Amino acid sequence: MTIIVTGAAGFIGSNIVKALNQRGITDIVAVDNLSKGEKFKNLAECDIAHYLDKHEFIRQVRAHELPYNDIRAVFHQGACSDTMNHDGKYMMDNNYQYTLDLFDWCQDERIPFLYASSAAVYGKGEVFQETRELEKPLNVYGYSKFLFDQVLRRRMAEGLTAQAVGFRYFNVYGQMEQHKGRMASVAFHHFHQYRENGYVNLFGENDGYGNGEQTRDFVSVEDVAKVNLFFFDHPELSGIFNLGTGHSQQFNELAAATVNACRAAEGKPEMSLEELVKEELIRYIPFPDALKGKYQSFTEADITKLREAGYTEEFFDVKQGVSRYVEWMLKNLV
């Protein structure tokens, strides 16, 4: 049975392909846009049956011409994830209309559809639950995700013909994101700052938060792949679900985990946050004026719905997940 993964050469998509491979599943059609050719590296260690350019794929979908008769599921991870891209036409075509057309096709063909939504739908909110009144996106990226989530809610009320699941990803970090440049995770940038400069910079105090005390729900891409496969295993489950750890942690903790993981690889002992700051291995820079009033100082996924759906595995905390990530980067990126 064929599985389709869009965005397969991207960050989360390639990790889903890898997780499927670890189950012995290789009948995978990988869909992506390799205009940025270096992304091929994310698929080089994966086993797939076929690669298809995203434009040809969606053409075949819209024409109902895909030459596969037994598709088990579509993992739709392909999208523009650049929150700073303000080209509304491109964003809505690429993130909203593409997703809607693929969803309609999956419903017509009765194929499970698991797709990437985003915590960006909540904007600057301080409560992160999957309810309409809490959703106030701040940019067109968040709006493109928000709008399709509303479509799914209406379709669920009318009755689905096959599983449809949206995952609101929080701050995902981990292996195979190196192609993302400035949109890569904070953990990725901290690793390279430390390797290049010998220290990590964090934002100073702002909005009632002290130096480096802004907090986010940082979730390992390994956990993200596990949750995707849990729903793949349970096609009776549909809905929109937050995908974070349910626990917010400070940027201080993330930086300390990154520096200490690098130090461990150098044979050096672990240091406390206070020691790292005293030794200037973690430094603070003034909070940028351009970000004041526009910056999320706190995110934390409410994962009640995820737990109620039956997902019981524990998530990596920052120390565990970043340690594993740094180990991977030291083997693969340096």
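This is a predicted model: local features need pLDDT of at least 70, side-chain atom pairs count only at pLDDT 80 or more; totals for chains, interfaces and linings use all residues.
## Burial and surface

Residues are numbered from 1 along each chain as its sequence is written, and side-chain values use heavy atoms, with hydrogens and water left out.

The accessible surface comes to about 15100 Å², and carbon and sulfur atoms account for 48% of that. Those areas come from the Shrake-Rupley method with a 1.4 Å probe; for residues, only the protein chains shown count as cover.

## Overall build

The protein has 11 helices and 13 strands; these are DSSP runs numbered from the N terminus, with helices (H or I) of at least four residues and strands (E) of at least two. Its radius of gyration is 20 Å, close to the 20 Å that the globule rule gives for 334 residues, so the protein is as compact as a globular protein of that length. That radius is taken over C-alpha atoms, and the rule is 2.2 Å times the number of residues to the power 0.38.

Among contacts between residues at least 6 apart in sequence, 76% join residues at least 24 apart. Contact here means heavy atoms within 4.5 Å.

## Two nonpolar cores

A nonpolar core is a set of buried Ala, Val, Leu, Ile, Met, Phe, Trp, Tyr and Cys residues joined through side-chain atoms within 4.5 Å. The largest one has 47 residues, and Leu 20, Phe 75 and Phe 231 touch the most other members. Elements giving it two or more residues include strand 1 (2-6), helix 1 (11-22) and strand 11 (239-243). Helix 7 gives the most, with 8 residues.

Leaving aside neighbours within four places in sequence, the contacts of Phe 231 include Leu 114, Val 165, Phe 167, Phe 241 and Leu 306. A second, separate core has 30 residues, among them Val 200, Phe 251, Ile 282 and Trp 328.

## Two loop residues with positive phi

Met 176 isn't a glycine, yet its phi is near 75 degrees. Met 176 sits in the loop between strand 7 (171-173) and helix 6 (186-197), and is buried at a relative accessible area of 9%.

Glu 280 also has a positive phi, about 60 degrees, without being a glycine. Glu 280 is in the loop between helix 9 (273-278) and strand 13 (282-285), and is partly exposed at 46% relative accessible area.

Definitions and conventions
Buried means under 20% relative accessible area, exposed over 50%, partly exposed in between (1.4 Å probe, protein chains only).
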